[in-house]
Amino acid sequence: MGENELSVVECGLYNGKNENDFIEFLRNMMEQNTVGSTLFADDGDLFLGYLNKDNGIIGHTNLMPDIINVSNPNDKTVFVEFADGTKEVAHLNEGDVFSLETGILICVVKKMFADMDIIGTGSSVYNKIIKYALTKVDATKKKREEELKKVKEERMKLASIKQETRRIENKKREDRIREMTEAYKRAINDVSKQASTELEASFKGLLDELEKAEKKDE
């Protein structure tokens with residue numbers, strides 16, 4: 001370590017296990033104007049060191065055991081070995097393009113999960129999280145599409161209701177017109193019958209008068 005750097009013992013391990021120490025650690029970093037960070041290994045562990053304006057390490061977080069070897073024997077598999085004797089592996093999925101950096105990242109994430117106080121291996125936890133994350137792909141877009149679909153369905157439902165209302169109103173209007181037409185026909189028919197009866201009576205009366213006139217002439 002440099003002249004302005006603190007040793008691992010002096011810094012202490014601020015990995016979140018002791019909340020009060022960690023809060024004090026953050027307060028000290030702010031007071032000393034932390035401006036950056038650096039990665040370094042010490043005694044088999046990998047640390048993230050926090051730098052002040054003079055590039056001196058003023059604190060650090062223990063990230064994980066040191067990485068001692070990385071290998072990719074066939075460009076389909078990446079192995080990362082750690083100082084604590086553990087090893088993580090990343091496999092290339094069919095159809096994917098091989099990337100050594102991506103493989104290392106996957107192994108590192110698996111190792112971090114494995115070192116957490118959780119049930120399951122790092123790989124199983126990693127796979128569960130990836131599987132869960134895949135369900136959230138374009139989640140906002142899908143939600144918007146579902147909302148638009150719902151709005152469209154509501155509009156179609158409203159249009160259907162309006163169409164049915166118009167159909168009912170049209171039928172009522174047609175029924176009224178038909179009733180008025182039938183009433184008009186009945187009225188005309190009644191008038192015709194009455195006129196015919198009156199004409200018949202008038203004609204009969206005329207015949208009676210003619211008959212009387214003929215008898216008088218005799």
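Q: Why are Asp 175 and Lys 171 said to be about one helical turn apart?
A: They are four residues apart in helix α5, and therefore about one helical turn separates them. A helix here is a DSSP run of H or I with at least four residues, a strand is a run of E with at least two, and both are numbered from the N terminus. This is a predicted model, in which local features need pLDDT of at least 70 and side-chain atom pairs count only at pLDDT 80 or more, while totals for chains, interfaces and linings use all residues. Residues are numbered from 1 along each chain as its sequence is written, and side-chain values use heavy atoms, with hydrogens and water left out.

Q: What makes the contact of Asp 175 and Lys 171 a salt bridge?
A: The term needs a side-chain nitrogen of Lys or Arg within 4 Å of a carboxyl oxygen of Asp or Glu. For Asp 175 and Lys 171 the N to O distance is 3.3 Å, so the pair meets the definition. Asp 175 also forms a salt bridge with Arg 178, where the closest N and O atoms are 2.3 Å apart. Other salt bridges share partners and join Asp 84, Lys 111 and Asp 115 into one network.

Q: Why is Arg 178 called partly exposed?
A: Buried means under 20% relative accessible area, exposed means over 50%, and partly exposed is in between (1.4 Å probe, protein chains only). Arg 178 has 46%, so it counts as partly exposed. Lys 171, with 45%, is also partly exposed.

Q: What makes Leu 39, Leu 63 and Met 112 a nonpolar patch?
A: A patch is made of residues with over 30% relative accessible area and no salt bridge; nonpolar side chains (Val, Leu, Ile, Met, Phe, Trp, Tyr) are joined within 5 Å, like charges within 9 Å. Met 112 has a relative accessible area of 34%, so it passes the area cut-off. Together the three residues have about 240 Å² of accessible area, by the Shrake-Rupley method with a 1.4 Å probe and only the protein chains shown as cover.

Q: How do you know what span to expect for α3?
A: The expected span is 1.5 Å times one less than the number of residues. With 15 residues, α3 reaches 21 Å from its first C-alpha to its last, close to the 21 Å expected.

Q: Why are β4 and β6 called edge strands?
A: Two strands pair if DSSP finds at least two bridges between them. Four bridges join β4 to β5, so this pair qualifies. The open sheet has the order β4-β5-β6 with antiparallel pairing, and β4 and β6 each pair on one side only.
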